[in-house]
Amino acid sequence: MKRTLLGLIAGLFLLAGCASVEVGDYRAEKPALDLRQYFNGRLDAWGMFQDRSGKVIKRFHVAMRASWQGEVGTLDEDFTYSDGTKQKRIWTLTRQTDGSYIGRADDVVGEARGELAGNALRWRYVLALPVDGKVYNVNFDDWMYLIDDKVMLNRSFMSKFGFELGQVTLSFTKQD
């Protein structure tokens, strides 16, 4: 009997570990994230890429300029990496009637889809990622959490064919 009960409890813990988090789980969290308000003006972000073992592979800084015209926003991002390389990405974000967002950038394959609830935003997209002279299409599951009116934290999980490649961690600071 004890063995059966212990097995049942262990099975429940395993099943709970398989449950995935949904953006709606953050619906009541404050402060509420308004993309048009937070991503407006100048922002700085500092981040790192870690491989699947947790080793930090690259660190970077992002200088951003963001603006909106109605329901369409532009995020102009300039990356500077720890190895001295630079990269530019310009996002176009469009708010949909259901409150979700669609994002486009030159190195995004298709469209990014964003869901927003409470203080959280979840972006899912495929990024054409250059690595050692080759380009790989990598899946991003990107979670952003508004901490206060100036700070947002971001965790991105990168995968290919269902296997985790690594994670990106960012800290955004709104300058104005």
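These legends describe close-up views of a predicted model.

**Figure 1. Overall fold of the protein chain, with 2 helices and 10 strands.** The predicted chain follows the pattern α-α-β-β-β-β-β-β-β-β-β-β along the sequence. The chain has 176 residues. Of these, 35% count as buried.

**Figure 2. The edge-to-face ring pair of Y38 and F39.** The count of aromatic pairs comes to 12. In the pair shown, the ring centres of Y38 and F39 lie 5.3 Å apart. Their planes meet at 85°, so the pair is edge-to-face. Y38 has a relative accessibility of 4%, so Y38 counts as buried, the limit being under 20%. F39 is buried too, with a relative accessible area of 3%.

**Figure 3. W68 and Y101, an edge-to-face pair between two strands.** The two rings are 6.2 Å apart, centre to centre. The angle between their planes is 75°. W68 belongs to strand β2, which covers residues 56–69. Y101 belongs to strand β5, residues 101–104. The pair thus links distant parts of the chain, 33 residues apart. Both W68 and Y101 are buried.

**Figure 4. A cluster of aromatic rings.** Four residues take part: W91, W123, Y125 and F140. Ring pairs link them into the cluster.

**Figure 5. Lysine charges over the rings of Y81 and F161.** In one part of the view, K58 places its charged end over the ring of Y81. The distance to the ring centre is 4.8 Å. In the other part, the charged end of K160 sits over the ring of F161. Here the distance to the ring centre is 4.9 Å.

**Figure 6. The salt bridge between R42 and D176.** The model has a count of 15 salt bridges. In this one, the side chains of R42 and D176 meet at 3.5 Å, N to O. R42 lies in strand β1, residues 41–51. D176 lies in the segment after β10, a strand that spans 163–174. R42 counts as partly exposed, at 45% relative accessibility. D176 is also partly exposed, with a relative accessible area of 45%.

**Figure 7. E71 and R95 within a salt-bridge network.** The side chains of E71 and R95 meet at 3.9 Å, N to O. E71 sits in the loop between β2 and β3, the latter covering 72–81. R95 is in strand β4, residues 86–95. The bridge links distant parts of the chain, 24 residues apart. E71 has a relative accessibility of 36% and counts as partly exposed. R95 counts as partly exposed as well, at 31%. The network of salt bridges also includes D34 and R36.

**Figure 8. The salt bridge between K88 and D76.** The side chains meet at 2.6 Å, N to O. K88 comes from strand β4, and D76 from strand β3. The pair links distant parts of the chain, 12 residues apart. The two partners fall into separate accessibility classes. K88 has a relative accessibility of 45% and counts as partly exposed. D76, at 17%, counts as buried because the limit is under 20%.

**Figure 9. The largest pocket, with a volume of about 950 Å³.** The lining holds 40 residues. Those closest to the pocket centre are Y81, R89, L127, L129 and F140. Y81 is also the residue whose ring lies under the charged end of K58. F140 also belongs to the aromatic cluster with W91, W123 and Y125. Eight elements are named here for giving two or more residues to the lining: β1, β2, β3, β4, β7 (120–131), β8 (134–146), β9 (151–160) and β10. The largest share, 7 residues, comes from β7. By residue type, the lining divides into 29 nonpolar, 4 polar and 7 charged.

Key. Residues are numbered from 1 along each chain as its sequence is written. This is a predicted model: local features need pLDDT of at least 70, side-chain atom pairs count only at pLDDT 80 or more; totals for chains, interfaces and linings use all residues. Side-chain values use heavy atoms; hydrogens and water are left out. Rings of Phe, Tyr and Trp (its six-membered ring) pair if their centres lie within 6.5 Å; planes under 30 degrees apart count as stacked, over 60 as edge-to-face and the rest as tilted. Buried means under 20% relative accessible area, exposed over 50%, partly exposed in between (1.4 Å probe, protein chains only). Helices (H or I, at least four residues) and strands (E, at least two) are DSSP runs, numbered from the N terminus. A charge sits over a ring if NZ of Lys or CZ of Arg is within 6 Å of the ring centre and within 35 degrees of the ring normal. A salt bridge is a side-chain nitrogen of Lys or Arg within 4 Å of a carboxyl oxygen of Asp or Glu. On a 1 Å grid over the protein atoms alone, a cavity is a set of points where a 1.4 Å probe fits but cannot get out, and a pocket is an open set with protein on both sides within 12 Å along at least five of seven lines; lining residues have an atom within 4 Å of a point. Grid points are joined across faces, edges and corners, and a volume is the space filled by probe spheres set on the points. Ala, Val, Leu, Ile, Met, Phe, Trp, Tyr, Cys and Pro count as nonpolar, Asp, Glu, Lys and Arg as charged, and the others, Gly among them, as polar.
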